[in-house]
Amino acid sequence: MIELYNPAEISAMRPAGAFVASVLAALRDAAAVGVNLLELDALAESMIAERGATSCYVDYHPSFGAMPFGKVLCTSVNDAVLHGLPYDYALADGDLLSVDFACSVDGWVADAATSVVVGSADPVDLALISTTEHALAAGIAAAQVGNKLGDIGSAIGEVARAAGLSINLQFGGHGVGRTMHGDPHVPNDGRPGRGLPLRAGLVIAIEPWFMHGTDQIFTDPDGWTLRSADGSRGAHSEHTIAITEDGPLVLTAP
Ligand code: MG
């Protein structure tokens, strides 16, 4: 079921969005050569506790998960592209790290992701990150009352194709509200003018993620982490946005 939220409810989501943005900013600052993924998870966990927020991940146990996630953060490094389960790994020079974080504050969820290279960066990796960021911006720009859901996907897909990247459609954006994952599914490709009409009050996470060399993935033996089929690196950018009569409102803006 697709829920629409009134302006007061959307205002009430702002603290969750601001908090998620602050956690991602802290993680970007903390991510450095030698820093362990478990330290990043612990940092997010301490910020959650201090804020009195609730993790959306720690007890997350969907049908495809072998067990509850158990951590508060997704850390996907290099060929790990989505849903990376933090483990005992110290970041190395040139690693491409994507962090995805969702929690609820005052009962409202926000969800966002960002990618960064630690240490000396390969320009090819920076270009991949930049493509996901541009695709996210294009998707947000298309999230206008009167447009259709396909306009968002189309805008994202165009940016990917212009960069020579193919798109995996198994995972994409989603409705956000009292829970992390709601309707509608927001694919990272689509046909302009097609699909669900976008109305004021729709709150969605838009989250383009692309890999250098493939659109195929497989699940790591840890049961969660999704890796590129060919070992190529991935990047991921995500914001939670509200569609309003005044245009898209980025709730997780830094
Ligand atoms: Mg997310």
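Modeller: Along the chain, the donors of the magnesium ion follow the spacing D-x10-D-x126-E. This is a predicted model. The letters stand for Asp-100, Asp-111 and Glu-238, which coordinate the magnesium ion at 2.0 to 2.8 Å.

Asp-111 sits in strand E5 (residues 108-117), while Glu-238 sits in the loop between strand E12 (234-236) and strand E13 (239-244), so the pair ties together parts that are 127 residues apart in sequence.

Asp-111 has 2%, so Asp-111 is buried. Glu-238 has 1%, so Glu-238 is buried too.

Next, follow E13 into its sheet. The sheet is open, with 5 strands in the order E7-E6-E8-E13-E14, and the pairing is antiparallel. Strand E7 (182-186) and strand E14 (247-250) stand at the edges. Each has a single partner strand, so one side of each is left without a neighbour in the sheet. From one strand to the next, the twist averages 30°.

Look at one pairing here. E13 and E14 are joined in the antiparallel sense over 4 bridges. Ala-242 has Leu-249 in E14 as its bridge partner.

Helix H4 (residues 149-162) lies across E7 and strand E8 (203-206). H4 runs at about 45° to E7.

Turn to strand E2 (residues 74-77). In a regular strand the side chains alternate between the two faces of the sheet. In E2, Cys-74 and Ser-76 are on one side, and Thr-75 and Val-77 are on the other. These four residues are all buried, and both faces of E2 are covered. E2 runs antiparallel to strand E4 (residues 96-105), and 4 bridges join them. Thr-75 stands opposite Val-99 in E4.

One more sheet remains to visit. This open sheet has 3 strands in the order E3-E11-E10, with antiparallel pairing. Strand E3 (80-82) and strand E10 (217-219) are the edge strands, and each pairs on one side only. Here the twist averages 45° from one strand to the next. E10 is joined to strand E11 (residues 226-228) by 3 bridges, and the two run antiparallel. Thr-219 has Leu-226 in E11 as its bridge partner.

Terms used
Residues numbered from 1 in each chain as written. Predicted model: local features only at pLDDT ≥ 70, side-chain atom pairs only at ≥ 80, totals over all residues. Heavy atoms only, no water. Donors = N, O, S within 2.8 Å, 3.2 Å for Na, K, Ca; no water. Buried < 20%, exposed > 50% of the residue type's maximum accessible area, 1.4 Å probe, protein only. Pairing = 2+ DSSP bridges. Axes fitted to C-alpha atoms, helices over the stretch in contact; angles between N-to-C directions. Contact = heavy atoms within 4.5 Å.
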